[in-house]
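User: Hello! I am new to this structure and would like to learn how to read its features. Could you take me through a few of them?

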Amino acid sequence: MANKAPHKAQSATTSGRRSEGVERIGLHNLVPAPGSHRNRKRLGRGPGSGTGKTSGKGHKGIKARSGHHGPGGGKPHFEGGQMPLTRRVPKRGFTNIFRVVNQIVGFEDLARLPKGAEVTEETLAEAGLIRKGKGPAKLLANGEVAKGVTVRGIKMSAGARQKIEAAGGRVDI
């Protein structure tokens, strides 16, 4: 027994040394592999630098212009003078800027509301069923409705209105 106690203490100290010697990787100690990182080319820093005045681009021409050629390629969507794809493809359709997209709420979702609570846009938003400012809520008749539900200021389908009134609820618009 006497042999076991020092052995445990000794193993604890050796494991402690291992954790001291190995540093965990973090943002504070990340470095690139040696030789993998080059310093950037400092352009336009006088004639003695070798890349002054024209910055190593020569005189005039398209390759001397900004935003074109060089590392990383040319201008986005430029196809070498060919008619670009976005102009070749026929344009079709129509986007209605006045379109209203409703946030759908079903009867099974209303179970998340407390018993006897009025169903309004504010109570639906508090329960996390809809998001404020993302369009009006609309109640659909899927599932069973709780008895005595009062719905105020919310769009609903005709089936939803019938089910609410049949269950003894009230609809105020």
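User: Which residues make the nonpolar surface patch of about 410 Å²?

Analyst: Keep in mind that this is a predicted model. The patch is formed by Ile 25, Leu 27 and Leu 30. Of these, Leu 30 lies in the loop that links helix H1 (4-21) and helix H2 (85-88).

User: Does Leu 30 count as buried or exposed?

Analyst: The general idea is a cut-off: a residue is exposed when its relative accessible area is over 50%. Leu 30 has 53% relative accessibility, so it counts as exposed.

User: What share of the residues in the protein chain is buried?

Analyst: Of its 173 residues, 16% are buried. The accessible surface of the chain is about 14400 Å², and carbon and sulfur atoms hold 55% of that area.

User: How many helices and strands does the protein chain have?

Analyst: There are four helices and five strands. Read from the N terminus, their order is α-α-β-α-β-β-β-α-β.

User: What is the strand order in the open sheet of three strands?

Analyst: First the general idea: strands in a sheet pair through backbone hydrogen bonds, in a parallel or antiparallel way. Here the order is S1-S2-S4, and the pairing is parallel. Strand S1 (103-106) and strand S4 (155-156) are the edges; each has a single partner strand, so one side of each has no neighbour in the sheet.

User: How many bridges join strand S2 and S4?

Analyst: Strand S2 (residues 137-140) pairs with S4 over two bridges, in the parallel sense. To find your way there, look for Leu 139, whose bridge partner in S4 is Met 156.

Terms used
Residues are numbered from 1 along each chain as its sequence is written. This is a predicted model: local features need pLDDT of at least 70, side-chain atom pairs count only at pLDDT 80 or more; totals for chains, interfaces and linings use all residues. Side-chain values use heavy atoms; hydrogens and water are left out. Buried means under 20% relative accessible area, exposed over 50%, partly exposed in between (1.4 Å probe, protein chains only). Accessible areas come from the Shrake-Rupley method with a 1.4 Å probe; for residues, only the protein chains shown count as cover. Patches are made of residues with over 30% relative accessible area and no salt bridge: like charges are joined within 9 Å, nonpolar side chains (Val, Leu, Ile, Met, Phe, Trp, Tyr) within 5 Å. A salt bridge is a side-chain nitrogen of Lys or Arg within 4 Å of a carboxyl oxygen of Asp or Glu. Two strands pair if DSSP finds at least two bridges between them.
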